[in-house]
Amino acid sequence: MSVYAKPVEVLIDELGRLPGIGPKSAQRIAFHLLKSDTVDARRLADAIVSMKDNVSFCHRCFNVAEGDSCTICNDPQRNQHLLCVVEEPKDISAIEKTGAFSGLYHVLLGAINPLEGIGPDQLKIKELALRVAGEDIEEVILCTNPNLEGETTAAFVASKVLAPFDVKVSRLASGLPVGGDLEYADELTLGRALEGRNTVDS
């Protein structure tokens, strides 16, 4: 026997299918929406439907786009010879906020993760190879996440996909955060910091 009315149960179940939303969070969100004004709830529903109807993935880089191409691919001011490879469209936003990159992007739409059944064929890796082969790319920067899946993906792309091309391949540098203490750094972070050490001018 259900504790809540059927529509509430359905909403809780659907919310619980979202990433990062557990049963308690789904229940909390559902009751928040139930107590909200109908106008607010409809605005949220309309925003979701509008996104699904009008937004897709860019046919070139697989960033989110309203149309066939995203705003970055359509910008002639971007450096057409520099390509940054990321896992998800949200990673582009993080990089753009730095103002330190002016090239193009390629979104893999995930990372290699055998435990979840995600291999190279489930990602936009073949499309990356086609871009490097067909466009005037001089450098590919691998900006996958600094975790096991991201490192595995970067290594695969560098050795199996990009090796045959005459293109510079670099990895996003990582190291110790400013203000951090060595004793709290994990082995991977500290190791990468040592490998990427800089010369100090005297």
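How closely do the axes of H1 and H2 come, and at roughly what angle do they cross? The axes come within 8 Å and cross at roughly 130°. Axes here are lines fitted to C-alpha atoms, for helices over the stretch in contact, with angles from 0 to 180 degrees between N-to-C directions. Helices (H or I, at least four residues) are DSSP runs, numbered from the N terminus.

This is a predicted model, in which local features need pLDDT of at least 70 and side-chain atom pairs count only at pLDDT 80 or more, while totals for chains, interfaces and linings use all residues. Residues are numbered from 1 along each chain as its sequence is written, and side-chain values use heavy atoms, with hydrogens and water left out.

| Pair | Axes come within | Crossing angle |
|---|---|---|
| H1 and H2 | 8 Å | roughly 130° |
| H5 (residues 125–134) and H6 (residues 148–161) | 12 Å | roughly 45° |

H5 is therefore oblique to H6, and H1 and H2 are likewise oblique to each other. Oblique is what remains once angles under 35 degrees (roughly parallel), over 145 (roughly antiparallel) and 65 to 115 (roughly perpendicular) are set aside.

In H1, Val8, Leu11, Ile12, Leu15 and Gly16 meet Ala26, Gln27, Ile29, Ala30, Phe31 and Leu33 of H2; contact means heavy atoms within 4.5 Å. The residues of this contact are 9 nonpolar, 2 polar and no charged. Nonpolar covers Ala, Val, Leu, Ile, Met, Phe, Trp, Tyr, Cys and Pro; charged covers Asp, Glu, Lys and Arg; the others, Gly among them, are polar.

Between H5 and H6, Ile125, Leu128 and Ala129 meet Phe156, Val157 and Val161. That contact has 6 nonpolar residues, no polar and no charged.

**The largest pocket**

A pocket is an open set of points on a 1 Å grid where a 1.4 Å probe fits, with protein on both sides within 12 Å along at least five of seven lines; lining residues have an atom within 4 Å of a point. The largest pocket is lined by 16 residues, and Leu11, Leu15, Leu33, Leu44 and Ile48 lie nearest its centre. H3 gives the most to this lining, with 6 residues. The lining has 14 nonpolar residues, no polar and 2 charged.

Methods:
Helix = DSSP H or I, 4+ residues; strand = E, 2+ residues; numbered from the N terminus.
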